[in-house]
Amino acid sequence: MVVERRDTIEPVAQRFETRQWVPFPVELVFAFFANPSNLPHLMPPAQKVRIEDIRMQPPPPRPVAGDPSRRFRSIAAGTGSEILISFCPLRWLPQRVSWMARIVDFDWNRHFVDEQVRGPFRQFHHWHGVGGEVREGAEGTLVEDVIEYESPAGAVGWLADGMIRRRFEEVFTYRQKRLPEILTLAAQQAVRRQ
């Protein structure tokens, strides 16, 4: 009797988390992140991120802030919206990669979630959260990101996991540096509604 033996290594989901406090109100911070057109401003220039297509679905009705100065008019991608971007993942490789994500959950001024429809990962789930937080007497927002993903190489993807994690760290380090600058401009340009 011959017994066939098959050893398989199942892909393992990886997790990347980051947090940043910014001295801006939740309503402004969430409105900024919920507008997909702002994504390229948060990415390192070397990645040359471009939005190729956006199929927007309306979000649920926006809650009306008690303070009129926190009532912002802005575009937001609601559940079912699809965003197609392209980017250069490696500085030394000019080839562009396409990535389509779909918003699968949206809760005003709390969180939204996007998942990869097509792209470089086997699976990709990104939870974007915001919450009000006072630090040293200053009101602000804690921005949290939780990314769960499976690398594109499947079972041998563990070889790429270190490189992928370093790329996430580079992207979020850049974003954390730029976000206060960008939000300062967004606050100045924000269109408020009564």
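Modeller: What follows starts with the chain as a whole and then turns to the pocket.

This is a predicted model, in which local features need pLDDT of at least 70 and side-chain atom pairs count only at pLDDT 80 or more, while totals for chains, interfaces and linings use all residues. Residues are numbered from 1 along each chain as its sequence is written, and side-chain values use heavy atoms, with hydrogens and water left out.

The chain has three helices and nine strands, taken as DSSP runs numbered from the N terminus (helices H or I, at least four residues; strands E, at least two). From the N terminus on, these elements follow the order β-α-α-β-β-β-β-β-β-β-α-β. Of the 194 residues, 41% count as buried, that is, under 20% relative accessible area with a 1.4 Å probe and protein chains only.

The largest pocket holds about 990 Å³ of space. A pocket here is an open set of points on a 1 Å grid over the protein atoms alone, with protein on both sides within 12 Å along at least five of seven lines, and its lining residues have an atom within 4 Å of a point; grid points are joined across faces, edges and corners, and the volume is the space filled by probe spheres set on the points.

The lining is made up of 39 residues, and Met 43, Ile 85, Trp 99, Phe 124 and Phe 168 lie nearest the centre of the pocket. Two or more lining residues come from each of helix H1 (26–34), helix H2 (39–42), strand E4 (82–87), strand E5 (97–107), strand E6 (111–118), strand E7 (123–135) and helix H3 (158–189), and H3 gives the most, with eight residues. By residue class, the lining divides into 31 nonpolar, five polar and three charged, where Ala, Val, Leu, Ile, Met, Phe, Trp, Tyr, Cys and Pro count as nonpolar, Asp, Glu, Lys and Arg as charged, and the others, Gly among them, as polar.

Phe 168 lies in helix H3 and is buried, with a relative accessible area of 10%. Leaving aside neighbours within four places in sequence, Phe 168 is in contact (heavy atoms within 4.5 Å) with Phe 16, Phe 121, Phe 124, Ile 147 and Tyr 149. The C-alpha atoms of Phe 168 and Glu 17 are separated by 9.5 Å, although these residues are 151 residues apart along the chain.

How values were computed
Buried means under 20% relative accessible area, exposed over 50%, partly exposed in between (1.4 Å probe, protein chains only). On a 1 Å grid over the protein atoms alone, a cavity is a set of points where a 1.4 Å probe fits but cannot get out, and a pocket is an open set with protein on both sides within 12 Å along at least five of seven lines; lining residues have an atom within 4 Å of a point.
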